[in-house]
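Subject: Structure handover

Hello,

Here is the structure we talked about, with its sequence.

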Amino acid sequence: MFSALVICLIDLSFPYISKLSMERYLPQSLYKTFFIVMAICVGAYLIKGLLYYIVTYWGHTFGVRVEADMRRDIFVQMQKLSCSFYDENRTGALISRVTNDLVEISELSHPGPEDLFI
């Protein structure tokens, strides 16, 4: 979430910094200062790329681990159910439902908050 916050701040600051630089530094012929500010913006975008990598890699790792934990917990719960439950319900439909629901939950748990935040 911290990486997503920094990405958001970089995205929001670039238009303001560009406008400020073009209104203040270029009319006063402060080219050196202008290019230093633009170099800082390029550095910020490189940092933003690194942060996107962190959000993507570690976020998906987190999502996979959450999904694995949920699969394990559901499997343990399903093994506790009686045989009569499985006689009354189709096993394929149960497994299909569990699998699809877990995929949806894991997709919501990882990229959902970051995408909403960004």
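The model is predicted, so local features need pLDDT of at least 70 and side-chain atom pairs count only at pLDDT 80 or more, while totals for chains, interfaces and linings use all residues. Residues are numbered from 1 along each chain as its sequence is written, and side-chain values use heavy atoms, with hydrogens and water left out.

Salt bridges

Side chains of opposite charge can pair when their charged atoms come close. A salt bridge here is a side-chain nitrogen of Lys or Arg within 4 Å of a carboxyl oxygen of Asp or Glu. The structure holds six of them.

Asp-11 and Lys-48 form one, with 2.6 Å from N to O. Asp-11 belongs to helix H1 (residues 2–24) and Lys-48 to helix H2, so this pair ties together parts that are 37 residues apart in sequence. Helices are DSSP runs (H or I, at least four residues), numbered from the N terminus. For burial, the terms are buried (under 20% relative accessible area), exposed (over 50%) and partly exposed (in between), with a 1.4 Å probe and protein chains only. Lys-48 is buried at 13% relative accessibility, and Asp-11 is partly exposed at 28%.

In helix H1, Glu-23 and Lys-19 are four residues apart, about one turn of the helix, and their closest N and O atoms are 3.3 Å apart. Glu-23 is partly exposed at 48% relative accessibility, and Lys-19 is partly exposed at 47%. In helix H4, Asp-101 and Arg-97 are also four residues apart, or about one helical turn; the closest N and O atoms of this salt bridge are 2.9 Å apart. Arg-97 counts as exposed at 57%, whereas Asp-101 is partly exposed at 34%.

Asp-69, Arg-72 and Asp-73 are linked in a network of salt bridges.

The largest pocket

A pocket is found on a 1 Å grid over the protein atoms alone: it is an open set of points with protein on both sides within 12 Å along at least five of seven lines, and lining residues have an atom within 4 Å of a point. The largest pocket has about 150 Å³ of space; a volume is the space filled by probe spheres set on the points. Which helices each supply at least two residues of its lining? They are H2 and helix H4 (91–109). The lining has seven nonpolar, three polar and one charged residues. Among the lining residues are Arg-71, Phe-75, Met-78, Tyr-86 and Leu-102. Met-78 lies in helix H2 and is buried, with a relative accessible area of 15%.

Surface patch

Leu-50, Tyr-53, Tyr-57 and Trp-58 make a nonpolar surface patch of about 480 Å². Patch residues have over 30% relative accessible area and no salt bridge, and nonpolar side chains (Val, Leu, Ile, Met, Phe, Trp, Tyr) are joined within 5 Å. Tyr-53 is found in helix H2 (residues 31–80).

Most residues other than glycine have a negative phi. Ser-29 has a positive phi of about 60° although it is not a glycine. Ser-29 is in the loop between H1 and H2 and is partly exposed, with a relative accessible area of 44%.

Regards

How values were computed:
Patches are made of residues with over 30% relative accessible area and no salt bridge: like charges are joined within 9 Å, nonpolar side chains (Val, Leu, Ile, Met, Phe, Trp, Tyr) within 5 Å. Accessible areas come from the Shrake-Rupley method with a 1.4 Å probe; for residues, only the protein chains shown count as cover. On a 1 Å grid over the protein atoms alone, a cavity is a set of points where a 1.4 Å probe fits but cannot get out, and a pocket is an open set with protein on both sides within 12 Å along at least five of seven lines; lining residues have an atom within 4 Å of a point. Ala, Val, Leu, Ile, Met, Phe, Trp, Tyr, Cys and Pro count as nonpolar, Asp, Glu, Lys and Arg as charged, and the others, Gly among them, as polar.
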